[in-house]
Amino acid sequence: MLLPVEWLREFVEFSAGEDELAQILTSRGLEVESVKKTPAGGVIEIELTPNRGDCASVLGVAREVAAHFGLPLLSPSSSYSETGPGAESRYGIRVEPSGICPIYHLKLIRDIKVGESPEWLKDRLSASGIRPLNSVVDVTNYVMLETGQPLHAFDASLIGGNTVEVRGGRDGESITVLDGSVHKLSPEDIVISCDGTPVALGGVTGGLDSAVKSSTGEILLEAAYFRSRSISATERRLGLKTEASYRFSRGVDPGGLLRALDRAAHLLAEISGGSPAPGVLSHDEFPEKETWVRVTLSDINSLLGTELKPDRVVNLLEALGFKTEGGRELSVRVPSYRRDDIRRGVDIIEEIARSLGYDKIPSRLPRSSVSSALARKPDPFTRAGEVLGAMGYSRCVTLPLCGSENCVSAGFDPGSLILIDNPVSVNMDALRPSLLPGLISTIKYNINQGVQTLKFFERGPVFINSGKEHSETRHLAFAAASDDFLEVKSGAVSILDALRQGYELEYPEESGVFKPGRYARVRVNGLTAGEMGIFGSGFLKAMGVPGRSLGGGYLALDKLDRSSASFARFSPWSPYPSVFRDISIVVEDSLTHSDIYDTIKSAGGRHLKRVRLSDVFTGKSLETGKKSMTYRLEFNSDERTLTSDEVEGYFGKVVEELKRACGASLRQ
Amino acid sequence: MEQEFRKIETESRTLVRETSGVKELEELRVKYLGRKGALNLLLKKMGALDPDERPVWGKKINALKRELEDTIRSRREELSGQTEDTGNFDPTLPPELFRHPGRNPVISVLEEVSDIFVSMGFGIAYGPDIETDYYNFTALNFPEGHPARDMHDTFYIKGSDRLLRTHTSPVQVRVMEKQPPPYQFIAPGKCYRRDTIDASHLPSFHQVEGLMVDKDISFAHLKGVLDEFARRFFPGETVTRFRPSFFPFTEPSAEMDIRCTICSGGGCSSCSGKGFIEILGAGMVDPEVFRHCGVDPDKWQGFAFGMGIERMAMLKYGISDLRYFFQNHRSFLEQF
Ligand SMILES: [Zn+2]
């Protein structure tokens, strides 16, 4: 909302400059977005919170300024003389159903000569961001800016049937409004209609056909009170925001309608030669009841942490137009322009705090009272990030939204996706079922940016539709430019090792988004807890990185044992030296490390502590279809130094078993 | 043989003892112990000896070899540090560098903010990203028809009445429902708003919200805790300002600004001329919210606050565009 400061000075005679004024308004909850200095004076832009409809006007802001400085608030002149018969002699109002518009007034003004407005009026409108049109429309806008009450002027000669109806829109009905746009109406919209034809969109804008023209000689001036919720719904549904709807959707002062009509009549008589008819035509079923709120001084001081005295509280409230009774037990009458927002004791306390200034409330640290149930527990998975960091992976945060079509073509089950009903784009119409697509997109982006180090990881939620429920689980995933399965495996296995997590690996043929034969699955406590591998070409093509070699994997953190990493117990190690033996064997190519490892482990006896593959070799010196593998065996006892004869015995058994079970021959 | 050995023995011992430079010492090592050194030549000459004498001399020569190796080594240690010979080595050569992959700025700020509140005695609570209308809006006193509830602003889940939470405040409701006051915790997590991506909007971002409730927690405590937070989070002298605002779930509501460090409050382009930069929203928990959670508002009172983590990271690190946070450019991530 734009506000020319000189207009404000008409109602409060304060001496502060624009910048000081801006600070004061901001400190009172009317946030000043900018201060523009023009030759005609400063213009401030205020961003109103939705609860402060009372300040959507020059007079509303002036009230705050007057309260701040303790100055009187002056009123604009609104005197005029009435002539001729009243409007009721020719016109009537029908509101149907009556609840949709609690107050509806029409004032008839004759002998209008539509012309150009005087410069001072046009200047104020322009400074407030409204284009001057003609002396009648300008006055309605001027009074709206000044009082906060939107007004509308109908050309009376274009009102057929003589009855102004306020009703809901009808299906199939449409209206061409002042800006020329056409809108289809629905029963939720409020329509002003004459002879069955909509002439205005209530609370938003007028119809083009009933607008004031240069030939207009008689007008009906409308001042209405519409409910804010209904106007904001229409505003959003039709995508139509106007100065009027801005004010109605924040709530106007139900006690200010007649004042606004009088002010407009005064101005029209002055600048358009108008002759106001006596009285107004009214539909008024607004409950007259005053709003009184109770609040105690101890509630006020307890909530704010202040030590305010009763007279201070009374002064603060009365400066804002509240009436009070009592001292420590206060009864407060809420002025009509605040009755939408203030209904309870806390609302009054907020007014006191605001009027006092938040900067006057002390700043004090409380005693801490944390409950152990919510005390922060150590994160059991920090080591996972440390391991990946040490391997050179950067942690990213990608958007948890993805494109369902893209996910399906990448190989994810369409039934498992959780879809967004109202997405902003097709690329973000589902919640991600996996962290991997986001990581691949990250790699793709970095490739396009010429980045060399393509190693990324992410930790965050993934979302699966299991049919029965929408599950959210936490994953850790990593991806890198690599065609080396063992490099990828090293990432996953090193994390599990760092977390001291027991696991098994499976090598199924069905490999999902990964390449067959370059894929492994992590099993923990009998459940799948992760996958790893080199990504399949179909997946990479769907992800927009065809022809690239990328690998990665993920761990489902919720499936891991949370206690394993965070809870460690000391165990002593053997003080006796280990004895090492190397063995090189030649076996069939089809035999796996895992087979050989298991054979060695089971044949080596209880003192065989570790078996490490140190070399794999295939080459010219070997028969085709054979490979050579070298293992280093570590023997150790917790109780004594092992003798070399003893170790020879265990080693001999291993050699024997490798020959028998694996068909191995020793290589020299 | 005898003569030759004695000569080498005395001469080498003296020379090694008397050398004064590492370079000379190395020359002596080559002279006596090198592949073609004096002692190796002597060993080769043993072929001419009587077979019975060979092992005796072999032992003697090898013993001298070991002795010389030891004295040369210890002499070298004595000499090094005095007149070290630098040779042709270029110490300005670059070593192989471990390039730290950086700390993700969002995660980093999320943890830093959490750490500050934890150190002030706050616990931590979490909740789901997929929420119900009740926890996200109704329980937090958003009226029916509030713009935030609109399909324009909030993501709804297809085929269900669920939505993606627009803030982490629903966690407050869930905790208050489950356990009795007092409360003092923060709720960090992801939030979603139906925005298209641009420099200042992302459809998903992170928030840390907090709640402190007890018999006597006041607005003064709200200011105390948040002042303390701002002083610890922002470097240098931090000046805060609290001003009235509006949220459906707090009353009174406030926004906390910090004075712009670039212009010290005078107004500049960084603070769009305002002199202050908005940091977070806060307020005293509205009695309606307490009632929804089964907490008696006549007995308990307290404050809630919430801040956007990406926004905090932007302010802390001087990042001007929100899009950096989800693009994950390696050069971006490595900076923090
Ligand atoms: Zn600045």
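A pocket is an open set of grid points with protein on both sides within 12 Å along at least five of seven lines, and its lining residues have an atom within 4 Å of a point. The model discussed here is predicted.

Q: What makes a residue part of the lining of the second largest pocket, and which residues lie nearest its centre?
A: A lining residue has an atom within 4 Å of a point of the pocket. The second largest pocket has 37 such residues, and D379(A), R459(A), R474(A), Y126(B) and P188(B) lie nearest its centre. Two or more lining residues come from each of β23 (455-465) and β24 of chain A, and from each of α5 (105-119) and β4 (183-192) of chain B. The most come from α5(B), which gives 5 residues.

Q: What is the make-up of the lining of the second largest pocket by class?
A: The lining has 15 charged, 14 nonpolar and 8 polar residues. The space in this pocket is about 1,400 Å³.

Q: Why is S249(A) called buried?
A: Buried means under 20% relative accessible area. S249(A) has 18% relative accessibility, so S249(A) counts as buried. Its place is in the loop between α7 (243-248) and α8 (257-271) of chain A. Beyond its neighbours within four places in sequence, S249(A) is in contact with S228(A), I231(A), S232(A) and E235(A).

Q: How do you know that the side chain of S249(A) makes polar contacts?
A: The cut-off for a pair of N or O atoms is 3.5 Å. A polar atom of the S249(A) side chain lies 2.7 Å from the backbone oxygen of S245(A), and the backbone oxygen of Y246(A) lies 3.3 Å from a polar atom of that side chain. Both pairs therefore fall within 3.5 Å.

Q: How does the span of helix α15 of chain A compare with the span expected at 1.5 Å a residue?
A: Helix α15(A), residues 485-498, has 14 residues and reaches 20 Å from first C-alpha to last, close to the expected 20 Å.

Q: What caps the N-terminal end of α15(A)?
A: D484(A) does, with a side-chain oxygen 2.9 Å from the backbone nitrogen of L486(A). Just after the helix, R500(A) takes a positive phi of about 55°.

Q: Which residues of α15(A) are buried, and what covers them?
A: The buried residues are F485(A), V488(A), K489(A), G491(A), A492(A), I495(A), L496(A) and A498(A). Their cover includes α12 (382-390), β24 (470-481) and β26 (514-524) of chain A.

Conventions. Residues are numbered from 1 along each chain as its sequence is written. Chains are lettered from A and ligands numbered from 1 in the order in which they are written. This is a predicted model: local features need pLDDT of at least 70, side-chain atom pairs count only at pLDDT 80 or more; totals for chains, interfaces and linings use all residues. Side-chain values use heavy atoms; hydrogens and water are left out. Helices (H or I, at least four residues) and strands (E, at least two) are DSSP runs, numbered from the N terminus. The expected span of a helix is 1.5 Å times one less than its number of residues. Buried means under 20% relative accessible area, exposed over 50%, partly exposed in between (1.4 Å probe, protein chains only). Contact means heavy atoms within 4.5 Å. A polar contact is a pair of N or O atoms within 3.5 Å; within protein, one must be able to donate a hydrogen and the other to accept it, and residues adjacent in sequence count only if both atoms are side-chain atoms. On a 1 Å grid over the protein atoms alone, a cavity is a set of points where a 1.4 Å probe fits but cannot get out, and a pocket is an open set with protein on both sides within 12 Å along at least five of seven lines; lining residues have an atom within 4 Å of a point. Grid points are joined across faces, edges and corners, and a volume is the space filled by probe spheres set on the points. Ala, Val, Leu, Ile, Met, Phe, Trp, Tyr, Cys and Pro count as nonpolar, Asp, Glu, Lys and Arg as charged, and the others, Gly among them, as polar.
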